[in-house]
Amino acid sequence: MFVDNSFDQWCKVQGDRRELCVKPISGAKVKVDATIFPLEGQFGIGFIVHDPSSLLVVARAHCCLGSIEPDVAE
């Protein structure tokens with residue numbers, strides 16, 4: 001399956017961070033969003049993963065320096 005192969009490849013390039021890798025959950029739902037702060041020269045990205053029974057698996061958010069175009073954020 002493409003997801004499994006991609007995940008395995010991603011884990012291999014993570015080196016010492018491999019312990020953070022977990023196998024994908026079949027039927028998981030992922031929501032991703034981004035926002036742009038043009039005056040501050042920053043943008044934010046985040047995601048939430050729920051399992052098939054809608055329990056939270058992981059959520060992450062990160063603020064980055066720089067700018068991106070709105071169509072890239074979408």
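D33 is exposed, with a relative accessible area of 56%. The cut-off for that class is over 50%. The residue belongs to strand 1. The model examined here is predicted, and all values are computed from it.

D33 has several contacts beyond its sequence neighbours. Leaving aside residues up to four places away in sequence, D33 touches G44, I45 and G46. D33 also lies 6.4 Å from F47, C-alpha to C-alpha, although 14 residues separate the two in sequence.

The protein chain as a whole contains two helices and three strands. From the N terminus on, the order of elements is α-β-β-β-α. The chain counts 74 residues, and buried residues make up 15% of them. The accessible surface amounts to about 6,100 Å². Carbon and sulfur atoms supply 60% of that area. Contacts were also sorted by sequence separation. Among those between residues at least 6 apart in sequence, 21% join residues at least 24 apart.

The three strands form an open sheet with the order 1-2-3 and antiparallel pairing. Strand 1 (29–37) and strand 3 are the edge strands, each pairing on one side only. From one strand to the next, the twist averages 10°. Nine bridges join strand 1 and strand 2 in the antiparallel sense. In this pairing, K31 has I48 of strand 2 as its bridge partner.

V32 is also located in strand 1. Its relative accessibility is 65%. V32 therefore counts as exposed, given the cut-off of over 50%.

The loop between strand 2 (42–50) and strand 3 (56–65) holds S54. Most residues other than glycine have a negative phi. S54 is not a glycine, yet its phi is positive, at about 70°. The relative accessible area of S54 is 48%. S54 is partly exposed rather than exposed, because its 48% does not pass the cut-off of over 50%.

Notes: Residues are numbered from 1 along each chain as its sequence is written. This is a predicted model: local features need pLDDT of at least 70, side-chain atom pairs count only at pLDDT 80 or more; totals for chains, interfaces and linings use all residues. Side-chain values use heavy atoms; hydrogens and water are left out. Helices (H or I, at least four residues) and strands (E, at least two) are DSSP runs, numbered from the N terminus. Buried means under 20% relative accessible area, exposed over 50%, partly exposed in between (1.4 Å probe, protein chains only). Two strands pair if DSSP finds at least two bridges between them. Axes are lines fitted to C-alpha atoms, for helices over the stretch in contact, and angles run from 0 to 180 degrees between N-to-C directions. Contact means heavy atoms within 4.5 Å. Accessible areas come from the Shrake-Rupley method with a 1.4 Å probe; for residues, only the protein chains shown count as cover.
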